Amino acid sequence: MSKRADGEPAGRGLSGFGRYAGPATLILSSLADGPKHGYALTKDVEEFAGVRLAPGTLYEALARLESQGLIQAIETDDRRRPYQLTAAGATALKAHLDAQRRVTDVGLRRLSINWTTGWGTA
Amino acid sequence: MSRADTGAAGSAARLLRWYPAAWRDRYGDEFAELLIADIEERPRSMARTLDVARGGIIARLADLGLGGFPLPAAGAGAGAVDPHRQVRVSLGTIGAALAVCLAFGAAMQSQLTIAWEWSTAVAPSAADPDPPFIPAVAGFATLVTSAAMLAILVLATAATIPVIVTVAARLVAGAGRRLVLPVAVFAVAVAVLFTGGRQFENGWVGTGGHDGLIPGGVAAFEWATSLWVSAYWAHPGALAAFPLAERAWMLVTPFALAAVALAAATLVRRAGLSARVLAFEARLATAACAVTGVFLVGVACWVATGSEGAPLFHPGLIDVAATGALALALAAAVKAAGTASRSLRLARKPA
């Protein structure tokens with residue numbers, strides 16, 4: 001299992017992020033497509049998730065992700081510094097999305113069984 | 001007003017002030033660019049202001065080691081985090097938080113000590129067949145807090161020595177210009193506490209310590225320096241009956257204690273302690289948190305149980321408030337100790 005920068009295993013996904021897992025997932029998903037700076041991240045997340053990450057929330061999550069080695073800044077002369085996903089970040093994102101997919105699959109399957117055959121229609 | 005102070009750039013600059021200097025060094029430029037773009041799209045947004053304020057407060061807490069994660073630092077390289085800087089900052093926070101614990105803890109512990117002394121000093125007699133007694137839980141609390149206080153003082157002494165040696169070495173080498181002010185503040189505040197404590201310990205309401213758990217002089221000094229933790233603040237009429245010097249002392253003490261704690265935290269941050277000393281201090285800090293936790297359990301048992309029929313051991317509302325303050329300060333110290341430990345693990349990782 002790969003390790004994050006702070007020595008914690010990365011395979012647990014974003015479980016250590018608690019209530020910050022939402023913005024972190026959106027940011028990591030956006031960076032999975034390639035490096036982006038703050039404004040481009042905001043626009044991309046708004047486009048694919050319909051959520052506008054406020055500046056304070058975005059940078060709070062970026063600082064957490066960067067301190068844990070899940071993303072890293074790319075050195076540039078531009079004032080708008082781009083960030084990219086690290087290998088640990090990709091592993092953590094995959095683990096988190098796999099866990100979410102399991103929940104989604106179970107929820108959809110139960111809905112399809114119980115909410116189209118009678119008892120839940122009231 | 002300069003051009004930079006007007007429009008979107010000016011608003012962004014004002015919003016940036018919510019964040020600590022270390023965070024601004026690392027993220028300031030790029031965050032300002034994002035804010036300017038956001039302000040140009042939405043010129044007025046209370047939600048944005050509140051979001052930035054919240055983010056700034058969280059960043060300030062993280063800068064103190066209270067965010068649960070090390071704050072990335074400018075110039076830290078690919079690793080993003082300067083672990084030794086974060087350990088220094090976290091140790092300063094732990095020191096300040098434990099000083100708060102010690103201040104409130106001393107107030108409660110000296111109260112228990114006084115009750116213990118009087119309960120053992122008066123023997124049953126024909127004139128007083130029902131003398132004061134030591135109830136089970138309060139007695140347990142007195143023993144636990146006394147042992148914990150002794151352990152805290154030993155740990156504090158062990159933690160102070162390497163800092164004093166490092167600070168002295170830097171001052172002698174002429175490399176400690178930024179240490180002069182905190183050293184001076186620390187020395188003056190300690191002198192105020194020592195002189196005042198010695199002066200006002202003459203009013204000690206214990207028995208002199210002959211039958212106490214801790215030496216009478218120490219108990220009296222502890223009592224004198226914690227006089228300010230008092231319910232009399234809520235009763236100005238009764239407080240006014242105190243001698244002027246005593247009221248002045250009660251007012252000065254918390255400021256002197258705060259000065260000692262803040263100066264000590266500043267020295268730990270600025271002294272340039274070696275990685276080995278930082279690791280040693282972090283271990284002591286974790287041990288001090290554990291001992292303070294034991295102390296908290298002792299006073300919490302006493303406050304929760306009450307006097308158990310022994311009026312001398314009656315806990316008042318001020319003790320409930322002091323226990324709450326102690327618990328909050330301990331929670332902050334534990335959080336900072338966690339950040340220090342994580343940062344030390346980062347520092348030990350090969351580059």
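A residue counts as buried when its relative accessible area is under 20%, as exposed when that value is over 50%, and as partly exposed in between. The views below all come from a predicted model.

**View 1. Ser110(B) is a buried residue in helix 4 of chain B.** The helix that holds Ser110(B) spans residues 83-121 of chain B. Ser110(B) has a relative accessible area of 2%, and because this value is under 20% the residue is classed as buried. A polar atom of the Ser110(B) side chain lies 3.1 Å from the backbone oxygen of Ala107(B). When the neighbours within four places in sequence are left aside, the residues in contact with Ser110(B) are Glu222(B), Trp223(B) and Ser226(B).

View 2. The C-alpha atom of Ala147(B) is separated by 9.5 Å from that of Val294(B), a residue 147 positions away along the chain.

**View 3. The buried residues of helix 1 of chain B pack against two other helices of that chain.** The buried residues of helix 1 are Ala8(B), Gly10(B), Ala12(B), Leu15(B) and Leu16(B). Their packing partners are helix 2 and helix 3 of chain B, the latter running over residues 46-63. As background to this view, an α-helix has 3.6 residues a turn, so residues three or four places apart point the same way.

**View 4. Aromatic pairs occur in the structure, and one of them joins Tyr19(B) to Phe31(B).** A search of the whole structure, taken over all chains, finds 11 aromatic pairs. In the pair of Tyr19(B) and Phe31(B), the rings are arranged edge-to-face, with 5.2 Å centre to centre and 70 degrees between the planes. This pair links distant parts of the chain, since Tyr19(B) sits in the loop between helix 1 (7-16) and helix 2 (21-41) of chain B, whereas Phe31(B) belongs to helix 2, 12 residues apart from its partner. Both Tyr19(B) and Phe31(B) are buried.

**View 5. Phe200(B) and Trp249(B) form a stacked aromatic pair.** The two ring centres are 5.4 Å apart, and the angle between the planes is 10 degrees. Phe200(B) lies in helix 6 (residues 180-200) of chain B and Trp249(B) in helix 9 (residues 244-270) of chain B, so that the pair links distant parts of the chain, 49 residues apart. Phe200(B) and Trp249(B) are both buried.

**View 6. One aromatic cluster includes residues from chain A and chain B.** The cluster is made up of Tyr59(A), Tyr19(B), Trp23(B), Tyr27(B) and Phe31(B). Beside these aromatic rings, Arg26(B) lies over the face of Tyr27(B), at 4.5 Å from the ring centre.

**View 7. Chain A and chain B meet in a contact that takes 28 residues from chain A and 31 residues from chain B.** The area buried between the two chains is about 2600 Å², and carbon and sulfur atoms give 51% of that area. On the side of chain A, the residues that lose the most area to chain B are Pro55(A), Tyr59(A) and Arg79(A), which together make up 26% of what that side buries. Across this interface the rule finds 8 salt bridges, including one in which the side chains of Arg79(A) and Glu33(B) meet at 2.8 Å, N to O. The count of residue pairs in polar contact between the two chains is 17. Helix 2 (38-49) and helix 3 (55-67) of chain A are the elements that give two or more residues to the side of chain A that touches chain B, and helix 3 gives the most, with 11 residues.

**View 8. The two chains are set out by their secondary structure.** Chain A has 4 helices and 2 strands, which run α-α-α-β-β-α from the N terminus on, while chain B has 11 helices and 0 strands. Of the 122 residues in chain A, 44% are buried, and for the 351 residues in chain B the buried share is 47%. Among contacts with a separation of 6 or more, residues 24 or more positions apart account for 49% in chain A and for 76% in chain B. The C-alpha atoms of chain B fill a box of roughly 85 × 45 × 35 Å, taken along the principal axes.

Conventions:
Residues numbered from 1 in each chain as written. Chains lettered and ligands numbered in written order. Predicted model: local features only at pLDDT ≥ 70, side-chain atom pairs only at ≥ 80, totals over all residues. Heavy atoms only, no water. Phe/Tyr/Trp six-rings, centres within 6.5 Å; stacked < 30°, edge-to-face > 60°. Buried < 20%, exposed > 50% of the residue type's maximum accessible area, 1.4 Å probe, protein only. Lys NZ or Arg CZ within 6 Å of the ring centre and 35° of its normal. Contact = heavy atoms within 4.5 Å. Buried area = accessible area lost by both parts, 1.4 Å probe. Salt bridge = Lys/Arg side-chain N within 4 Å of Asp/Glu carboxyl O. Polar contact = N/O pair within 3.5 Å; in protein donor to acceptor, adjacent residues only side chain to side chain.
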